[in-house]
Structures are given as structure tokens and as C-alpha cells.
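I opened the notebook today to go through one model and to write down what I looked up, entry by entry.

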Amino acid sequence: MSQLDFWYVRFPDGRVLRAASTSILRQELSARRIPLGSTVRRSPSDEWVSLEWTQEFADVVEELASHPPVVERQSANNSSVRESDSLRTTNAVSDHFATVGSRLDPVRLHLIGVRGYLEELLAALDSALVPKKLLLGFIAGLLLGTLFLLERAGWFEHESSWLATAWSLCAICMVLFAALAGLITRLTYVELARLRPARWREGLKGLGGLTLWILVSKLIVWSAAGGLIVLLRWLPHWFGSPDEATANLSQPILGGTVLVAGMVAEALLYPVFCFWFLMPTMIVVEGCTAVGGLRQWVALLRRHLGHVFLYQTLAIGLGVLVTAPFLLLIAPLYLPNFHPPEELQEVARSTRLVLLGLASAPFLTYWITSNVFIYLNLRYGAGNQR
């Protein structure tokens, strides 16, 4: 399938989808799953064009317009009316503008569009809560619980004889987590591109190379951010601890200034760890390597940094709401009144940590899925034209 055959479809309500080919888009039009009032374009640099003015779809639109949706009336006693999906979508859009907030013109006032963001993130929630992705999420949660267990077991201490084993298990968990993130990302993208449920073989195709590029990009970004944080924490000791022979009034002032600036800079660096989760989507969608993905990642952050931060903040909030019921289920196991036998304390603690990782599975699944929606909307969505 050639990438040149992609189409970007904007629905009347502003939602944007990416169709994998002209034939798939024609099939969806014929099935009336796409409203006739939608617009399309080939690339983000093109203008949005109505379907009827597009050569590839003009005949389908003309045929559908000449045969309007059939309205079926069951009987005189049963006056319920069944209409097509496109008609319901049109009605929903017309109702959507009958609000006080609709008087705000997002183009002229340069509004952020939180409502549109929430709609995209709710759509991501629907996409995440499917059996395939939840299964992968629970596996990722089990790996997270294993990491919790390794950290609490003290295997990473320098004097521990299990240090090499702990780091080996940690590396294995990181590789598996990268593979799961790539698999969830690709399944989500196939659903959006082909407008149908994804198959396992579509997600598993080329998963080894995808996992490698995800790991390389993660190593580069997280190592750079982590190294800067370590440097910022070290600088106050260097500037603020003068020798007695060279001590003067300016040294404490300089050290305090460096400390304050370092704390602010460190707080600004932590979101970078979250921003990285856009990288697997870039590698999957654009079919690039880790280096190419990093280049596009930096360009996206430079252009849409505020939008990315807001998008991911809302996604974290929704993810916490989804995960909260599962955390409440295991919360009694952490209360002081839970007293397992003394000889089984270690078993209880290990079980709690694994259950904590499993309880985080819905959040992990949704977080990875939502970043696919975030990237596609910022890179190819309607908001990219502002």
C-alpha cells in the first residue's frame, strides 16, 4: 500500500480520520458511514475539499445524493423512525451549535478547543477498552508490577549478589514493554487508517524493528532528560560550597540562585518523559527510524508544545478516572488492619506490588492509545490549519 494513497477525512463536527486508500474511503462512503458533508485532502499542506468536488468520490456522492436514506415506518401504532447514520450525524451537528459556547468563534478568538480535545480523548477511551488492547495492557501491568517487586526487593543495591540478575530482568521488562507499546500503537493506527478493527497479524508485522526504534528513541530522550536533571542537582553543590579560603558573600548568593533556577528547570524537564510517548506513534505512522522520529518529535513540540501539554494532561486525568475503581479494589490490602501471618509478610508484599501493576493496566492501555489520537490530531487534524 502506497503512502501516497492516504486520505484525510474531516467530518462536519470537526473530527478527522485518516483513510488508508481511495478504495477503502469509497467503500465507507457507499456504506454511508461517512457524512456527505465531509471534506478530504491528500496531505496537511492541501486545502480541505468537499467530496462532491473531488474526482475520486464525485460519482459516489452523486449516486448517494440521488438515493436518499430510506426512512422505515414500522406501523401506525409504532411511530418510531429509523434513519441512517449520516442523517443522525447531521442532526447531532446542528444540535451541537445550539449552545451559548457555540457563539465563540475558535478561529477568530484562537481558542484552545478543550471540548474538541475531550471528544478525541473519549474516542481514544472507546478504542482502548477493547479485549485485544486490554489483554496487552494487563501484560504491561504485570511487567510494571515485576519492576515494583524488583525495586522493593533490594536487588539493585550495590552490595547485593542479585544486582546483575536484577538489571537483566529490568532490561527484559523494558524490551517487552516497548514491544507492547508498539503493538498497541500499531493496532490503534490500523483501526483509524482502515476504519475497521485491526487484526493480530497487522499489529505483529515488523514488530521487531519497531521495538528496536522505540527502545533507541526512549534511551536517547530519557537519558538526555535524566542527565540534565542530575546535572541540575549537582550544580548547587559546586557553586554553593566554597573553600574556607575563598569564601565570600557572593558564593551563597550564587549558589542559591543556581539552586532556584535548577529546581525550576528540573520541574520543566519532567514532562519530557511524558512527551516521549508520542514517539512510538510517529515511528508507526510515518514509517521512520528513531533518528527521523526524533527530528519530527522536536518539530512537533516546537510547534504545538502547549497543545501537547494540555492534551496529555487531560489524557492523564481521564486515565486516572478509568483506573481509580481498580485501585480502590486493592486499597484495603494496603490498610493497617490487613495483618497476614508474620512468616508470609514477604509474600503479601510481593502480591500487593503485582496487583498494583495489574490495576494500572487500564491506564497504561489508555495512555498509549490516547497518544495515537493526540499525534494524528495535532499533525493532520483540523487544528493544524490554525
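Which residues are buried in helix α2 (residues 58–66)? Keeping in mind that this is a predicted model, I looked up the helix and noted V60, V61 and L64 as its buried residues. I then viewed α2 down its axis and found that these buried residues fall within an arc of 100 degrees, so they line one face of the helix.

Next I asked what lies on either side of α2. The buried residues of α2 pack against α1 (22–30), whereas the face turned away from the buried side carries E62 and E63, which are exposed.

I turned to the strands. I recorded an open sheet of 4 strands, in the order β2-β1-β3-β4, with antiparallel pairing. Its edge strands are β2 (16–19) and β4 (49–50), each of which pairs on one side only. For β4 I looked up the pairing with strand β3 (residues 39–41), which is antiparallel and runs over 2 bridges; here T39 stands opposite S50 in β4.

My last entry concerns R32, which I located in the loop between α1 and β3. I noted that the phi of R32 is near 60 degrees, a positive value in a residue other than glycine.

Conventions. Residues numbered from 1 in each chain as written. Predicted model: local features only at pLDDT ≥ 70, side-chain atom pairs only at ≥ 80, totals over all residues. Heavy atoms only, no water. Buried < 20%, exposed > 50% of the residue type's maximum accessible area, 1.4 Å probe, protein only. Arc of directions from axis to C-beta. Contact = heavy atoms within 4.5 Å. Pairing = 2+ DSSP bridges.
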